[in-house]
Amino acid sequence: MTQRRRLATFTGRGYDKGRSTLQCAAWALVAEPLQRSVLCPPAVRTRILRAFGAEIGEGTLIRHDVRIHWPWKLSVGENSWIGVGAWLLNLEPITIGSDVCISQGAMLCTGSHRADDPSFEFDNAPVTVEDGAWIALRATVLRGVTVGEGAVVGATALVTRDVPAGERVLAPAAARV
């Protein structure tokens, strides 16, 4: 028998934001909306992210409207691209290699909850995308996953397990009407 959730008992135990409340507030209220703006040039966006602790390699292009939960938990190699509307929900570290393409609307999510825990505590784990990989349009990579070197995660695919180097993961075929 499944235990009923008691969300009022959630504590968030074991989760560390990694910065002070003031730094988190400065990011959330000022810097994050500014860096997401279409009016913010990519070079300025990169400087803002680095100022808040992100490690971003030379030649990397981060487009507008990219949501980054905590920049100090983000590392991106050289010459990578992160497309418009991508969402990096990095409660834990996200490491993106060099020459990686994270396409428009893709999501990398390091957070989850313990489904069998009545208090629904966190069950988070890092995400790693190795050199030369491509996470295509609206694909989702969940917590604890490593996408191997040169791997391709196809448009709208959902990845819950490691993807070996050079492998391709495709979304299930859409039902025909």
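Trainee: What makes Arg36 and Asp65 a salt bridge?

Mentor: Keep in mind that this is a predicted model. In it, the closest N and O atoms of Arg36 and Asp65 are 2.7 Å apart. The cut-off is 4 Å between a side-chain nitrogen of Lys or Arg and a carboxyl oxygen of Asp or Glu, so the pair qualifies.

Trainee: Where in the chain do the two partners sit?

Mentor: Arg36 belongs to helix α1, and Asp65 to the loop between β2 (61–62) and β3 (67–68). They are 29 residues apart, so this pair links distant parts of the chain.

Trainee: Why does Arg13 with Asp117 count as a salt bridge?

Mentor: Their closest N and O atoms are 3.7 Å apart, and the limit is 4 Å, so the pair is in. Arg13 lies in the segment before α1 (21–36), while Asp117 is in the loop between β9 (107–109) and β10 (127–129), so parts 104 residues apart in sequence are tied together. Glu121 joins in as well: a network of salt bridges links Arg13, Asp117 and Glu121.

Trainee: How many salt bridges does the structure hold?

Mentor: There are 7. Another one of them pairs Arg50 with Glu58, with the closest N and O atoms 3.6 Å apart. Arg50 is partly exposed at 33%, whereas Glu58 is exposed at 55%.

Trainee: On to α2. How do you know that its buried residues are on the same side?

Mentor: The buried ones are Arg45, Thr46, Ile48 and Leu49. They cover an arc of only 160° around the axis, so they share a side of α2. On the other side, Arg47 and Ala51 are exposed.

Trainee: What do the buried residues of α2 pack against?

Mentor: They pack against α1, β1, β2 and β3. After α2 comes Gly53, with a positive phi near 100°.

Trainee: Why are β1 and β13 called edge strands?

Mentor: The open sheet has 5 strands in the order β1-β4-β7-β10-β13, with parallel pairing. β1 (55–56) and β13 (146–147) each pair on one side only.

Trainee: What makes β1 and β4 a pair?

Mentor: Pairing takes at least two bridges, and 2 bridges join these parallel strands, so they meet the criterion. Glu55 stands opposite Ser75 in β4.

Trainee: Which residues have the most contacts inside the largest nonpolar core?

Mentor: Ile82, Ile96, Ile102, Leu108, Ile135 and Val147, in a core of 40 residues. At least two core residues come from each of α1, α2 (42–51), β4 (74–76), β7 (94–96) and β10. The largest share, 3 residues, is from α1.

Trainee: What is Ile135 in contact with, leaving aside neighbours within four places in sequence?

Mentor: Its contacts include Ile102, Leu108, Val129, Val141, Val147 and Val153. Cys101, Ser103 and Ala106 are also among them.

Note on methods:
Residues are numbered from 1 along each chain as its sequence is written. This is a predicted model: local features need pLDDT of at least 70, side-chain atom pairs count only at pLDDT 80 or more; totals for chains, interfaces and linings use all residues. Side-chain values use heavy atoms; hydrogens and water are left out. Helices (H or I, at least four residues) and strands (E, at least two) are DSSP runs, numbered from the N terminus. Buried means under 20% relative accessible area, exposed over 50%, partly exposed in between (1.4 Å probe, protein chains only). A nonpolar core is a set of buried Ala, Val, Leu, Ile, Met, Phe, Trp, Tyr and Cys residues joined through side-chain atoms within 4.5 Å. Contact means heavy atoms within 4.5 Å. The arc is that of the directions from the helix axis to the C-beta atoms.
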